[in-house]
Amino acid sequence: MKSAQIRKLCDKYDFVWATHRVVKGAPVTWMLRKEPNEALPSSGWLFLSRHDERGVESAEEIEMITLERVLIHSPRVAEHLHLPAGSQLSIQPDGSFSQVR
């Protein structure tokens, strides 16, 4: 992904939520989008690693970060950022993401 494309996405989606493992560089294996809270600069996206897939038990396990930090380690999430609130995706064996129903 080119830096101009990354900048454009980061301008549009601002901040995202991520678990501590993703913040530390673990690849994203699960992503879901909730309705954004208008009081926060978040797009509503939450990114988890394979170690987090059983869920997040408390708000202390996640933090708001820039989308750019996620894209550095998991650039494939970019093609799904346009999806609406309520979307949930998981990584497939080939590295692509597919929607969870």
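Mentor: Strand 2 (residues 30-33) and strand 5 (residues 88-91) run antiparallel and are joined by three bridges. Strands here are DSSP runs of E with at least two residues, helices are runs of H or I with at least four, and both are numbered from the N terminus; two strands pair if DSSP finds at least two bridges between them. Bear in mind that this is a predicted model, where local features need pLDDT of at least 70 and side-chain atom pairs count only at pLDDT 80 or more, while totals for chains, interfaces and linings use all residues. Residues are numbered from 1 along each chain as its sequence is written, and side-chain values use heavy atoms, with hydrogens and water left out.

Now look at Leu32: its bridge partner in strand 5 is Gln88, and in strand 3 (42-48) the partner is Leu46. Strand 2 and strand 3 are antiparallel too, with four bridges.

Put together, you get an open, mixed sheet of six strands in the order 4-1-3-2-5-6. Strand 4 and strand 6 (97-99) are its edges, each pairing on one side only.

Phe47 is in contact (heavy atoms within 4.5 Å) with Val16, Val28, Met31, Val70, Val77 and Leu81, among others, leaving aside neighbours within four places in sequence. Phe47 and Trp45 are among the residues with the most contacts inside the largest nonpolar core, which has 19 residues. Such a core is a set of buried Ala, Val, Leu, Ile, Met, Phe, Trp, Tyr and Cys residues joined through side-chain atoms within 4.5 Å; buried means under 20% relative accessible area, exposed over 50%, partly exposed in between, with a 1.4 Å probe and protein chains only.

Ser43 also sits in strand 3, and at 5% relative accessibility Ser43 is buried. A polar atom of the Ser43 side chain lies 3.4 Å from the backbone nitrogen of Trp45. Ser49, in the loop between strand 3 and strand 4 (62-66), is buried as well, at 1%. Residues touching Ser49 include Thr19, Arg21 and Pro27.

Note on methods: Polar contact = N/O pair within 3.5 Å; in protein donor to acceptor, adjacent residues only side chain to side chain.
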